[in-house]
Amino acid sequence: MANVTVIGAQWGDEGKGKVVDWLASRADVVVRFQGGHNAGHTLVVGGETYKLSLLPSGLVRGKLGVIGNGVVVDPHALLEEIERVRGQGLAVGPENLRIAENAQLILKVHAALDRAREAARGERKIGTTGRGIGPAYEDKVGRRAIRVCDLAEPETLAEKLDELLRHANALLVSLGAPTFARDDLLAELLALAPRLLPFAEPVWQRLDEARRAGRRILFEGAQAVMLDVDHGTYPFVTSSNTVAATAASGAGIAPAAVGFVLGIAKAYTTRVGAGPFPTELTDATGQLLGDRGHEFGTVTGRRRRCGWFDAAMVRQAVKVGGIQGLALTKLDVLDGLAELRLCTGYRLGEETLRHVPAGQRAQAALEPIYETLEGWSGSTRGARSWADLPAQAVKYARRIEELVEAPVTLLSTSPERDDTILMRDPFEG
Ligand code: GDP
Ligand code: IMO
Ligand code: MG
């Protein structure tokens, strides 16, 4: 029985949380493997809305949730989120949530650096979530990071904080921002330790056991391929790899365990932060998509930029992300539009491209090449079978399949868990 890995195929907020929640009923373990509380995943279950950032979406289904070593964990954000969902009636404790002992922590100093850097960038800011994600991953690669396991070793913690702050405080001074004192951070972390350590373990062992026992593992990606630090629209990206291959290294499991890779794509395109967006609509249609789709960032509350479906970009995400099947979400938002456009490639000066080039100026200069399809007058909202869809909606999905070179294996037609059409069970491989 295959495992399944879910990743975003655009610039995030494609509906990964809803799809993971839905698939979690067929899984035994749900694993986060990259990103941090920059992610915001909204699940709607029978009128109750859950907004999750760090917790694996499978917890809502009562499944074991694992936070892998590839995730950057803000301990305050984690504990607050646990309290919040407990308030909604979910049980969360060490019996159903495990955190990799070698996952690294996001500290207050990281968020301070993130915000000071963004302020210094001015007009050229990335539009980060300001939660310290970039500086935390920098410290990891720079071998200065504080990891969950360090909370059990006060002396190690003190030494590592000295080294980390030597670096971070110098940067903060150069940015004109307040610095941090070692003893304050140390006291804060030691106070948090008894609340966090009960969740910590070598999760790779648990995943290895699960795998050998034939349990189904669902890997839940955050962000998306076009925000991947290598493959995305750099530097307007997040600071982790978001492609499916990361599920293995970010959890400590064999590459083969990643299983079937399901890419999630909205039936149109949105983006929260700054950066290139060839198919962006700044007209009334863009406004309409934003209003109908309630396109406001789950984490930032910022209005998401909206545009037509970019099939050239998603095709690239399919190739570099390792996507084998596509879940197309928010089809209902397109109901009633007279015509729809699909971007099949770009014009760049005299050239015609079928891919997103790597250069920053080239990306900013891309002119989309569109093909136009007729819209549909009927409703797809809440449809639960392919037969319930208007013929033109089926045509639209079929054309996307051809252009992105991956089959549409799942369709989502409302925020509600069960308003989902399954064409092919990803756990069947
Ligand atoms: P994620 O970051 O990929 O998990 O996506 P978010 O949860 O941040 O954003 C997706 C938004 O779209 C959420 O508000 C979902 O409730 C909503 N949503 C998901 N699927 C559908 C759908 O098929 N139709 C509509 N109308 N909304 C959806
Ligand atoms: P989910 O998992 C949409 C964007 C930010 C910014 C860039 C870098 O909900 O899809 P960061 O704080 O990560 O350094 O910001 O990435 N971004 C997201 N956009 N959905 C997300 O997560 C995002 N996580 C980060 O807006 O442009
Ligand atoms: Mg989101």
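## Ground rules

A residue is called buried under 20% relative accessible area, exposed over 50% and partly exposed in between (1.4 Å probe, protein chains only). This is a predicted model, so to speak of local features takes pLDDT of at least 70 and side-chain atom pairs count only at pLDDT 80 or more, while totals for chains, interfaces and linings use all residues. Residues are numbered from 1 along each chain as its sequence is written, chains are lettered from A and ligands numbered from 1 in the order in which they are written, and side-chain values use heavy atoms, with hydrogens and water left out.

## The magnesium ion

What holds the magnesium ion, ligand 3? Asp13 (OD) and Gly40 (O) coordinate it, at 2.0 to 2.1 Å. Donors here are N, O and S atoms within 2.8 Å of the metal (3.2 Å for Na, K and Ca), and since water is not among the atoms, sites may look incomplete.

These two residues come from distant parts of the chain, 27 residues apart. Aspartate 13 sits in the loop between strand 1 (4-8) and helix 1 (16-24), and glycine 40 in the loop between strand 2 (29-32) and strand 3 (41-45). (Helices, H or I with at least four residues, and strands, E with at least two, are DSSP runs numbered from the N terminus.) Aspartate 13 is partly exposed, at 23% relative accessible area, whereas glycine 40 is buried, at 12%.

## Around ligand 2

Ligand 2 has 20 residues around it, the closest being Lys16, Asn38, His41, Thr129 and Thr238. To count, a residue needs a heavy atom within 4 Å.

Some of the neighbours make polar contacts (pairs of N or O atoms within 3.5 Å; within protein, one must be able to donate a hydrogen and the other to accept it, and residues adjacent in sequence count only if both atoms are side-chain atoms). Threonine 129 brings a side-chain N or O atom to 2.6 Å from an oxygen atom of the ligand. For asparagine 38, a polar side-chain atom lies 2.9 Å from a ligand oxygen, and for glycine 127 a backbone N or O atom lies 3.3 Å from one. On its own, ligand 2 exposes 550 Å², and the protein buries 97% of that.

## Salt bridges

The whole structure has 29 salt bridges, each one a side-chain nitrogen of Lys or Arg within 4 Å of a carboxyl oxygen of Asp or Glu. In one of them, arginine 305 meets glutamate 280 at 3.0 Å, N to O. That pair links distant parts of the chain: arginine 305 is in strand 13 (residues 305-307), and glutamate 280, 25 residues apart from it, is in the loop between strand 12 (269-271) and helix 9 (284-292). Glutamate 280 is partly exposed at 29%.

Glutamate 405 pairs with arginine 354, with the closest N and O atoms 3.4 Å apart. Here the partners are 51 residues apart. Both are partly exposed: glutamate 405 at 40% and arginine 354 at 46%. Now for a local one: glutamate 401 and arginine 398 form a salt bridge at 3.1 Å, and both lie in helix 12, three residues apart, about one turn of the helix. Glutamate 401 is buried at 16%, while arginine 398 is partly exposed at 35%. Elsewhere, salt bridges with shared partners join Asp13, Lys266, Glu295, Arg304 and Lys330 into one network.

## After strand 20

Aspartate 425 belongs to the segment after strand 20 (420-422). Its side chain reaches the backbone nitrogen of phenylalanine 427 at 2.9 Å, and aspartate 425 is buried at 17% relative accessibility.

Notes. Areas by Shrake-Rupley, 256 points an atom, 1.4 Å probe, with all protein chains shown as cover.
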